[in-house]
Amino acid sequence: MLLTGQDNEKAVIRELMTSIGSERSELIPLLLAVQDEFGYVSEFAMQFIADQLKMPPTEVYGVATFFHFINKKPKGKFIIRLSRDMSSIMKGAKSVARQLRNDLGIRFGETTPDGMFTLEWTSCIGMNYQAPAMMVNNEVYSNLTPPMVHRIIEECRQEISIRRPTMGNVGETYASMLSYASHEPNAALTRAVREMAPADVIGELTVSGLKGRGGAGFPTGVKWNLAAKAESDLKYIICNADEGEPGTFKDRVILGKYADMVFEGMTLAGYAVGATEGILYLRYEYTHLRPHLEAVLETRRQARLLGENILDKDGFSFDIRIHMGAGAYVCGEETALIESLEGRRGEPRNRPPYPVEKGLHGRPTIVNNVETLATASCIVARGAKWFTGIGTERSKGFKLFSVSGDCARPGVYELPWGMTVQQLLELVDGVGAKAVQVGGYTGELVPASQFDRVMGYEDLGIGGSIIVYGQGRDMLEVAENYLEFFVEESCGQCTGCRIGNQKLLDGVRLLQKGTCSNRYLNDLIGLSHSIKSTSKCGLGQASPNVFIAINAHFQEEIMARPILAA
Amino acid sequence: MNTKPMQTHPHRHTAIVPGPDAAMIDLTIDGIELRVPEGTTILDAARQVGVRIPTLCHHDDLCTAGVCRVCVVEVEGMRNLQASCATPITRSIEVKTNTRTVRNARRHIIDLLLAEHYGDCNTCKRNNNCELQDLATEYGVDFYRFGHPTEPKYVIDRSSPSIVRDMNKCVLCRRCVRACEELQGVGCLTVASRSSRAHVATFANKPLANVVCINCGQCINHCPTGALTEVDQTDEVWAMIDDPTKHVVIQTAPSPRAGIGECFDLEPGTPMTYQLNTALKRVGFDAVFDTNHTADLTIIEEGTELILRLYKALVEKDESVKLPQFTSCSPGWVKYMENFYAGMIDHLSSAKSPQQMFGSLLKTYYAEKRGVDPAEMVVVALMPCTAKKYECNRPEMTSSGFKDVDYGLTTRELARMIKETGIDLPNVPEAPFDDPFGEASGAGVIFGATGGVMEAALRSVIEMVTGHQVEDFYDHANILPVRGIEGARMAEIPITEVGPVPDLIKHLVPDWEWLKGATLKVGVVHGTANAQLVMEDIKAGGPFSECHFIEFMACPGGCLGGGGQPIPTSPEIRAQRAKAIYQIDESCAVRKSHENPVILQLYEEFLTDGPCGHISHHHLHTHYTPRGKFIR
């Protein structure tokens, strides 16, 4: 019998459901899988999936349109996504973009008439060390130059790139990670299971003073303790590998080099709080890491480090699965991440309740960053005392920093807390910088006059992304880039974040044109504070930081434009 | 006799309310000390002590969203402001609701909303009844600080026969999305896309007429602005009234008379029945009739159909007959069935809704009696409902040979017409309904409240079957077990004896003894989200599958909470309207459908082969269309 297109779609979707599942929580994996089959998710497919998952098709549409990497209409065979983070812009992304446009004869957001290429900008893809970088479908190309992208396009035209090994182009990142490199595999897990009660594991972490490395800095021991105390038949450990903060790539490097330590940390957490299910939430941009991670998981299962009765400990069962994100920076926020895991739009929840009480599927849930979990493995293996011996009074231990921008030695650095910005610049050979962005776009823009500030929770205690801006950099261009990012990545719930960031971006453009009155600039500064204080999650609470900072530190530059951009 | 309340629709994001054994917590709000159960939101606590906190995305009918951020307050010890609607009180706190930071933040949020809000207040149906406008006034907005759109971003969607969507006026509060999903279980609307591109959308942004919408209008009732409004037909009706060749009559449903006073600044629940008659005549209608007559007629027809179904199913064991029988007077509910349970539409009573029965009778029975040409007649229906606009346009609704009902006007539209005429409704003298119909029964009136159709049906069924006065079983004929506000409820009515059965229906079945000792099981459901639960229960063979007859109303509270009623709506307002409806019922001389002399006369003069006979089938019954959920 001749199958119609829709019958075929139905059959494929039914088949996918048998392997992926037919629960509401599998909505996003299903949409991605359907897209893998057909290149996009058709209106019919959305309705059929909705019908199968017993939800309104309109809601599927709402979810599908939320995520950047779910195509609602057919796109080119090769989808080229050029990273738009500031490190890429500084290293020539704009000329690469021009080359791409000229080679393909289309603008960004368009598809070539022959259906071969779609050209898009994308938010940071975690390759800032080798900027500029782009993805062609799931494959990453870095250190791009215009001649290089011309060659890549030609290769795609001949379709030879399909034979290219997927990991090949990511390349090596300069990484100085002493503690990680010297970690004895599974020492922490073995020690915990053999010698420690769950409460002791939590105690060790509490004493170590480890704080969440994703940026929020919540004490890890306290979080684990709350989850351990929460009563439930089911608990979840989620590893947040949705590393979307522009300028950060340390989690990619950790997952590439030390995935075992991350999984060990998750298993430790499972042991400590009594959870049986672990989920690695991997950002779509890191799809190229997935085969490697699946292999590591399988090896761990073989070695009885995952599964039933781990390390022969009776009743200790824990396993980990990988769940792919679909392109939304805000899903790095833990409650938005949980929403997307439940098959919904990645919109942060109202808190309380917090995930440790009511998280995934209403169950107690720990969401920890990749680095937090890997570091927890180091701590339990070597003891809290070792860890507290490093760092400062209020900032214990070490931290991984992703350094990019105007410096000679970008890369991932494992450094003790307590260094000044100036010391860091000396280390990475970026001395003489005009400003340094500490903690990613949501962090602080530190001007040269404040390079004596300390990196630690007592001062600049924020995430691990460091972007160095040299003397020739135009701070309005920086602010424009940041705000474009936040405008694109806002989930759109809170009024201030949804509309306010756009107004700030418009304001930067007025400043660029030289038509922003002082009065209006003051209105926008006032608005910045209101956006920060009224937003539900960290995105809106931090997005105006750059606007406030350029006004505070670079007012002469933004008003009078005395320097010319390099 | 027992009632079994059922859980209402289980929401994912539940409304934030304290648990049953919550500890008491002391706190202060603006220096006022108070004690509340743990888990109470700051907003609710503030309301308890009379502190007003402005809101926009919050609605008492809906679960918490916490997205507009207008209700932010300062909580001592917290770095950021907290949305009072979404923040449960879990410890002793000090709240400040009117600090400079708070006022600035609220003003900024209002400024931002206005910077995206395209439209002119003077030309907006919600002018002077708009929450955004109120906020702008309250916070002294005297210029557009962050600009104001000069061009529309969206094309106005006028495709639906019931609802107009102007997304240029949308403030993304998501109340329509939540109403459609939580109250109605339809899920026609969602938030699509993200960031500044986020917008309320139908499936794939298709026109409303092309997607699964039941036209109930709950989105309109819950919208704070003019983004969602009814399709306005007042100009068309004016044109008909002004045309001297047309004989323009209006039938008025029970709920508008209980609600329209709100459009004239009266307290909710002030009945306006007879003032409304005067106003309608002054507006220019040639005659004013009470839809309750055909509500009474619906009871007789639907009740007869039920007896026939029961006889065929229980006595003749005919398995093709579907039970429970569902009421069919709510057009939103009918469309819901056609879309979501297309395979079960045989459960719906074939009886038309009172609006459509009246339309057919007016253009036949009345036209002849009055000596007017039905082709020159215009039948207008005053309804609490936007789905009635869709219903009167259904192609099958032409049994008079013409379009049976020409226009369905909502309470809000009619209030505008009355205002336009310069009539101060609360202060006009009373006037009766017109001949030949005159006064109807109280049974028809209570159709407006959830449980009313069932109560009206039971008043007649009990008397006609048992031969006893219903007052012998229920004080003042108030059948309390079917009243209430639970989303879905059941009641059992034992039939202890039978006969003598009145002649009107006696011939329907060979004997009536089989009913003796039987227990009639009935259900009452309102809000289609609750209907969804009941339908799934029936499919699964649960308690509702054992019912014989179930009343379904699409809207929360029944018709009095309809999508065409005055805005705002809330559980309290609907309770007041219900009180008015039961009050009108109590004051009626006739309170049982089968005692309505007009109905009895109709069966003698016009529907001469009795209830569910051929003539009544032609004029008073209809059929349904399985539509399904998939959109091409």
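The following legends describe close-up views of a predicted model.

**Figure 1. Domain assignment of chain A and the contact between domains 3 and 4.** The assignment divides chain A into domain 1 (5-66), domain 2 (78-158), domain 3 (185-388), domain 4 (390-469) and domain 5 (475-560). Taken over C-alpha atoms, the centres of domain 3 of chain A and domain 4 of chain A are separated by 26 Å. Domain 3 of chain A contributes 18 residues to the contact, and domain 4 of chain A contributes 20 residues. On the side of domain 3 of chain A that touches domain 4 of chain A, the elements giving two or more residues are helix H12 (250-257) and helix H17 (384-388) of chain A. By class, the residues on that side of domain 3 of chain A comprise five nonpolar, eight polar and five charged.

**Figure 2. Packing of helices H11 and H13 of chain A.** The axes of helix H11 (residues 220-229) and helix H13 (residues 259-273) of chain A come within 8 Å and cross at roughly 45°. H11(A) and H13(A) are therefore oblique to each other. From H11(A), Trp224(A), Ala227(A) and Ala228(A) meet Ala269(A), Ala272(A) and Val273(A) of H13(A). The contact of H11(A) with H13(A) has six nonpolar residues, with no polar and no charged residues.

**Figure 3. An open four-stranded sheet in chain B and the helix that packs on it.** In chain B, four strands in the order S12-S17-S16-S15 form an open sheet with mixed pairing. Strand S12 (325-326) and strand S15 (488-494) of chain B are the edge strands, each pairing on one side only. S15(B) and strand S16 (residues 519-526) of chain B run antiparallel and are joined by seven bridges. Pro494(B) has Thr519(B) in S16(B) as its bridge partner. Helix H17 (residues 528-539) of chain B packs on the sheet, where this helix touches S15, S16 and strand S17 (549-553) of chain B. The direction of H17 of chain B makes about 140° with that of S16(B).

**Figure 4. The contact between chain B and chain A.** Chain B supplies 41 residues to the contact and chain A supplies 37 residues. Helix H2 (100-116) and strand S7 (190-192) of chain B each provide at least two residues of the side of chain B that touches chain A. H2(B) gives the most to that side of chain B, with nine residues. The residues of the side of chain B that touches chain A are divided into 23 nonpolar, 13 polar and five charged.

Conventions
Residues are numbered from 1 along each chain as its sequence is written. Chains are lettered from A and ligands numbered from 1 in the order in which they are written. This is a predicted model: local features need pLDDT of at least 70, side-chain atom pairs count only at pLDDT 80 or more; totals for chains, interfaces and linings use all residues. Domain bounds come from an automatic or database domain assignment. Two residues are in contact if their C-beta atoms, placed from the backbone, lie within 7 Å. Ala, Val, Leu, Ile, Met, Phe, Trp, Tyr, Cys and Pro count as nonpolar, Asp, Glu, Lys and Arg as charged, and the others, Gly among them, as polar. Axes are lines fitted to C-alpha atoms, for helices over the stretch in contact, and angles run from 0 to 180 degrees between N-to-C directions. Angles under 35 degrees count as roughly parallel, over 145 as roughly antiparallel, 65 to 115 as roughly perpendicular and the rest as oblique. Two strands pair if DSSP finds at least two bridges between them.
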